[in-house]
Amino acid sequence: MVEVNAVTAYEVNDGIALITTDNPPVNALGALVRAGLVAALGMAMADAAVKAVVLSCRGRTFFAGADITEFGKPLQRPDLNEVIGALDALTKPVVAGIFGTALGGGLEVALGCHYRVAVGAARLGLPEVKLGLLPGAGGTQRLPRLIGPEAAVGLVVAGTPVPAKLALQHGLIDAIVDDAVAGAMEFARQVLADGAKMTRVRDREDKILPVRDNPAAFEAAAKAALKKLHGVEAPAACVESVRNAFMLPFEQGLKAERDLFVKLMMGDQSRAQRHIFFAEREAQKIPDMPAGLKPAPITNAVVIGGGTMGGGIAMCFANAGVPVTIVETSDEALAKGLERIKGTYQVSVDRGALTADAMAKRFALISGTADWNVISNTDIVIEAVFENLDLKKEIFGKLDRLAKPGTLLASNTSTLDVDAIGNATSRPEDVVGMHFFSPANVMKLLEIVRGEKSSHKSIATAIAAGKLMGKVPVVVGNCDGFVGNRMLARRTTENERLLLEGAKPQDVDAVVLGFGFPMGPYAMGDLAGLDVGWRIRQHRGVKAPVTDTLCEQGRFGQKTGAGYYIYEKGSRVPVPDPMVLELAAEKAAALGVKRRNIAEQEVFERMFYPMINEAARILEEGIAIRASDIDVVWVYGYGWPVWRGGPCFYADLVGPKVICAALDHYAEMTGDEGLRPAALLRELAATGGTFAAFKPAGKAAA
Ligand code: 3HC
Ligand code: NAI
């Protein structure tokens, strides 16, 4: 075996050269890898004894793509197109041996090979669109030639990898093998035995010529793929480039693809999406976590309370294959909870998203009881009873008495003091908040609330439990509303004020939708139920004159057929209601608030800047470990468009100085000193600093 460079090995067996890359953790195609590949391919080309080549990797996966950390920096040659060009130039058949994930540039390298084999568990795809990009190393030109432009456009725009079995059906791979390297070597031997036939993917025209003559089916597939993707640049670029595959000669298509790729890579949308990719992974890193500390294993779980959230959390465990028991107050409440879970699964089955068999298996993992003794043999308990501190304290006291040592005791509280809950036990180190978002079985965000006494082990176990359930965990400090709801409360205050000052719910919602959120704040309020906030305000003695009156009238939102909007029977479509405007005008008159036309820009600033201001306070207090964690919270929990990068990323784009000036203006206009810029925001504005560069220390970072 020859070491071509630090990450590339080369060996020849029976006339077949095996080139392997070993660049942990995911064999990203960084500069050294690319250089190694070009050198090794050159060796194979030069060696007359080599009749065929196998390309594969060591470690946990085939190439998972270009090295994203290199994007936006000066490119070191050879670039990926040059690597694939070297494959194209080879006059000996090349077989890619795929395992793990062949993604992005990784799949593009495989497409530069003459043959591809993969193990059954492998997944293949071009996920660049999820980074705000399109495949930039020939993926949009070669994939359509291999599997047809209609199938290719769907895969490239969705960016979702396909399993090996489906890849075989598409013609993306040539065989499924038991072992990537051994299988590829065997395949290469067979190719040689059959006369070493080899067609470069770039030269294939059988799938593209018919589409060039009749692109109707392609255009229909492209239109379907682009549905609901307003404002996002990458998907449209993906379509344009796949279209080029059958409209332009290969080299021209490749050049156009590269130009589109570079343009997107330099743009804010891709920068935002790459930021979130790394932010999500960074969020798992807790600065003071002792190295090597292992989370406790989770083999079973208990959820206390089988209502809206408890039911959803139980489904999360079952979906992850973990047996879970729901503890309820009565058999009746339990039956109701289990029925609701069954109904939710059934909707997925009816939609074709889940097989009946999978539903049965998952549902079988969920049991229920009113007998608390079940607590004594569980690894994790998540409490999701009514939002009442006394009740929660009582329950945690009971858990303390019943649970075995080391059981993680978590509360799904959305507003209560996690320290007070922890101190109701003799083991507050085992207590954390695990704040799921509704619907818990769908929403990816999980805020893990670190109490003053929560142990590292508890935090590590909560993170591991979240990941097991497919969530994106973010560790936050203990405070009112934690990170997400605390910021949201600022927006909600402005929503009430804007109504009084003369804004229409539909106009404000349109501004937020226009930014890229899936829903505006009033429509969102109607969906979540206006009564939730109303109860909290009543408890705290806070008033929201318009919304409180709507609630007093029984207008709780969608569930009662009316809230800020009206909903026709059985419909979820919000219909503006002039009565809400009259009510707002009446309340404004009583309070002496002057009504006026409010410009879109003002609405925009008041919807977003007070939240950004609160993010600054959260960072000052150390409630979030880093600004990018706040971005992750908003992208995964509140529908902040990923291509806008989250509130802190966005604030850096707008500039803290601009935001500070606007906040001072609104503080003066409304007389609300709470709108004054946070000290951190002022500091960033004064020094030209950014949220991204700010390093807080505090409660969550501890
Ligand atoms: N470049 C650089 N670093 C990468 C990377 C990449 N393409 N993919 C993963 N990493 C890093 C992660 O940041 C993480 O680093 P950390 O440990 O320091 O936090 C580490 O590798 C492990 O990643 P994960 O925690 O995500 O590991 P998983 O096993 O959970 O997932 C994976 C593996 C499915 C490969 C996942 O990492 C992934 O989806 N990666 C991105 C794949 C991708 O988008 N590829 C396309 C890139 S763009 C491209 O190829 C352009 C081309 O067309 C020119
Ligand atoms: P819910 O009212 O739908 O369910 C509460 C359930 O707890 C009921 O089924 C009730 O029978 C059960 N329960 C009450 N006392 C109990 C006891 N002593 N023992 C066992 N079960 C008991 O409430 P929901 O909405 O599920 O909220 C639960 C918790 O989750 C609250 O703390 C809430 O703040 C929090 N939360 C709610 C979110 C939401 O959007 N609904 C979002 C995030 C957190």
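The axes of helix H25 (residues 600–620) and helix H28 (residues 656–670) come within 10 Å of each other, crossing at roughly 105°. H25 is therefore roughly perpendicular to H28. This is a predicted model: local features need pLDDT of at least 70, side-chain atom pairs count only at pLDDT 80 or more, and totals for chains, interfaces and linings use all residues. Residues are numbered from 1 along each chain as its sequence is written, chains are lettered from A and ligands numbered from 1 in the order in which they are written, and side-chain values use heavy atoms, with hydrogens and water left out.

**The helix crossing**

- Axes are lines fitted to C-alpha atoms, for helices over the stretch in contact, and angles run from 0 to 180 degrees between N-to-C directions.
- Angles under 35 degrees count as roughly parallel, over 145 as roughly antiparallel, 65 to 115 as roughly perpendicular and the rest as oblique.
- Helices (H or I, at least four residues) and strands (E, at least two) are DSSP runs, numbered from the N terminus.
- On the H25 side, the contact residues are Glu602, Glu605, Arg606, Tyr609, Pro610, Ile612 and Asn613. They meet Val658, Ile659, Ala662, Leu663, Tyr666, Met669 and Thr670 in H28. Contact means heavy atoms within 4.5 Å.
- The residues of this contact divide into 9 nonpolar, 2 polar and 3 charged. Ala, Val, Leu, Ile, Met, Phe, Trp, Tyr, Cys and Pro count as nonpolar, Asp, Glu, Lys and Arg as charged, and the others, Gly among them, as polar.

**Ligand 1**

- A polar backbone atom of Ile68 is 2.9 Å from a nitrogen atom of ligand 1. A backbone N or O atom of Gly105 lies 2.8 Å from an oxygen atom of the ligand.
- A side chain takes part too: an N or O atom of Glu108's side chain is 2.7 Å from an oxygen atom of ligand 1.
- Ligand 1 exposes 990 Å² when taken alone, and the protein buries 73% of that. Accessible areas come from the Shrake-Rupley method with a 1.4 Å probe; for residues, only the protein chains shown count as cover.

**Ligand 2**

- Ligand 2 is surrounded by 23 residues, and the closest are Met309, Glu328, Glu387, Lys392 and Ser414.
- A backbone N or O atom of Thr308 lies 3.0 Å from one. A polar backbone atom of Val385 is 3.3 Å from one.
- In the side chain of Ser414, an N or O atom is 2.8 Å from an oxygen atom of ligand 2. Taken alone, ligand 2 exposes 830 Å², of which the protein buries 77%.
- Helix H13 (308–319), helix H16 (389–402) and strand E16 (431–436) each supply at least two shell residues. The largest share, 3 residues, comes from H16.
- This shell divides into 10 nonpolar, 10 polar and 3 charged residues.

**Backbone features**

- Most residues other than glycine have a negative phi, and most peptide bonds are trans.
- Pro24 and Pro25 are joined by a cis peptide bond, with omega about 0°. Pro25 lies in the loop between strand E3 (16–21) and helix H1 (31–46).
- The bond from Arg77 to Pro78 is also cis, with omega near 0°. Pro78 lies in the loop between strand E4 (52–57) and helix H2 (80–89).
- Asp14 has a positive phi, near 50°.

Conventions
A residue is near a molecule or strand if one of its heavy atoms lies within 4 Å of it. A polar contact is a pair of N or O atoms within 3.5 Å; within protein, one must be able to donate a hydrogen and the other to accept it, and residues adjacent in sequence count only if both atoms are side-chain atoms.
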